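Colleague: Could you put the model up on the screen, so that we can go through it together?

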Amino acid sequence: MIRVELPAGLRVLANLDREVTLEVPAPVTPRAILDALESRYPVLRGAIRDFITDRRRPLVRFYACRQDLSHEPLDAPLPDAVARGEEPFLVIGAIAGG
Amino acid sequence: MSGVRVLVGTKKGAFVLTADGKRDKWSVNGPFFSGWEIYHVKGSPADPNRLYASQSSGWFGQQVQRSNDGGKTWEPTGKEFRYDGTPGTHQWYDGTPHPWDFKRVWHFEPSLDNPDHVYAGIEDAAIFETRDGGATWKELSGLRDHRTGSQWTPGAGGMCLHTILIDPTNPDRLYVAISAAGAFRSDDRGKTWKTITKGLNSKYIPDPTAEVGHCVHRIALHKSRPDVLFMQKHWDVMRSDDAGDQWHEISGNLPTDFGFVIDVHAHEPETVFVVPITSDQEHFPPEGKLRVYRSRSGGNEWEPLTKGLPQKDCYVNVLRDAMAVDALDDCGVYFGTTGGQVYASANAGNTWAPIVRDLPAVLSVEVQTLR
């Protein structure tokens, strides 16, 4: 099972706990995780990536294993620790500053 | 038993305030959608338990929420607002063409007779409608395709379509207002539109009497006389007696004619309320005194209403969608502030009291009269 952590705004939206576990087919990529996430929680469609282009929303970030993967291709395989469920895939709302 | 339900949108969630017809004891429910900006919440005149809420976030985009039980529970509904066809461009701040780009829903206006039929005003300015209770949204692109559309330029607050009025005697007739663009009327349910800006005079645009470019902040009408419109413009309070074909100024003795809200008494079509704000750079009440001004003569002669409102050290703003009236026998008036207060008057403004004092900044206030 893949572990996904969501930011507070999306947890409120989908009425979820901090961490979600998902069945994701291999290879485990950001796109595969988001497809599975949005399939189970349709309210999240459009909230992480654009409906049409699939581009990550500008103020959303993807982290895993202490790496910022936001600028990696959506189809790039994630670290093995994520694929094995040892580490979560983190969806982050970028800091607002101030 | 009569009562009222006040629907409050704030920077960090929605709140539902309820009271019986006396309007002296209130219950505060919320926040709903905690942490999200709620630009507007509005109920259907045809089914008061059907509510629509615009939920948005700079991080996570637009959501639309719907309630079928007066705001006790909510369900997400359709949130895709795609401009019709190839959107084209409007004018950007630097004078260059800029593609239309959806940002958020500012205002919902449910139709008068069908709870599944709702108009939505969005930024970048356009009007959409749903006929299936919010599941799908379709643009009424005749507005954006108006021959002036490519000239519209956002102001500092963005290019938002924030006001939608339906003529209660003629559902073919719609009015909309757009910040920094102006006001428009349709007589065919939104297929085609004409500008209604004759008589407006705006010193902040190169040609003060141009057809477009006027920063209209709010328009209101009374259901018994839908051809009479009242407008709070960036500066100037205006009136039209012919459905917007011609406007004249009614600022009269107001201490300042800058402001955002304007509304009309539920039973007296010549009684109008505004909240004067110092200036376009000073978005707070003159002299730190929060005063609603009321005209009982359709404008020009205004009286300050101060009882129960702070009369010193008050530096809040009242945003364009943050005033509403109820339809009980003694008309109730409500407004919310950027300081998080929601004030109510159960006697047409003679006296005021806060319903709640410490909400997040209030973006919108709507009232439902429940009988």
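Colleague: Where is the place of B:Phe33?

Modeller: B:Phe33 is in the loop between β3 (27-32) and β4 of chain B, where helices (H or I, at least four residues) and strands (E, at least two) are DSSP runs, numbered from the N terminus. This is a predicted model, in which local features need pLDDT of at least 70 and side-chain atom pairs count only at pLDDT 80 or more, while totals for chains, interfaces and linings use all residues. Residues are numbered from 1 along each chain as its sequence is written, and chains are lettered from A and ligands numbered from 1 in the order in which they are written.

Colleague: What is the phi of B:Phe33?

Modeller: B:Phe33 has a positive phi of about 60 degrees, although it is not a glycine.

Colleague: And is B:Phe33 buried or exposed?

Modeller: B:Phe33 is buried, since 26 other C-beta atoms lie within 10 Å. A residue is buried if 20 or more other C-beta atoms lie within 10 Å of its own, exposed if 12 or fewer, and partly exposed in between, with the C-beta atoms placed from the backbone.

Colleague: What about B:Arg189, where is that one?

Modeller: B:Arg189 sits in the loop between β16 (182-186) and β17 (194-195) of chain B, and B:Arg189 also has a positive phi of about 60 degrees without being a glycine. B:Arg189 is partly exposed, because 17 other C-beta atoms are found within 10 Å.

Colleague: Which peptide bonds are cis?

Modeller: Among them is the bond from A:Ala26 to A:Pro27, with omega near -5 degrees, and A:Pro27 lies in the loop between β2 (19-22) and α2 (30-40) of chain A. Another cis peptide bond joins B:Glu123 and B:Asp124, with omega about -5 degrees, and B:Asp124 is in the loop between β11 (118-123) and β12 (126-130) of chain B.

Colleague: Changing topic, in what order do the strands of the open sheet in chain B come?

Modeller: The order is β4-β5-β6-β7, 4 strands with antiparallel pairing, where two strands pair if DSSP finds at least two bridges between them. β4 (37-43) and β7 (75-77) of chain B are at the edges with a single partner strand each, so one side of each has no neighbour in the sheet.

Colleague: How many bridges join β5 to β6 in chain B?

Modeller: There are 7 bridges between β5 (residues 51-57) and β6 (residues 61-67) of chain B, which run antiparallel, and B:Tyr52 stands opposite B:Arg66 in β6(B).

Colleague: How many helices and strands does chain B have overall?

Modeller: Chain B comes to 0 helices and 30 strands, and 51% of its 371 residues count as buried. For 371 residues a compact globule would have a radius of gyration near 21 Å, and the 19 Å of chain B agrees with that; the radius is taken over C-alpha atoms, and the globule rule is 2.2 Å times the number of residues to the power 0.38.

Colleague: How many residues does each chain bring to the contact?

Modeller: Chain A brings 14 residues and chain B brings 13 residues, two residues being in contact if their C-beta atoms, placed from the backbone, lie within 7 Å. Helix α1 (residues 8-14) of chain A gives the most to the side of chain A that touches chain B, with 5 residues.

Colleague: What ipTM and pTM does the model score?

Modeller: The model scores ipTM 0.93 and pTM 0.96.
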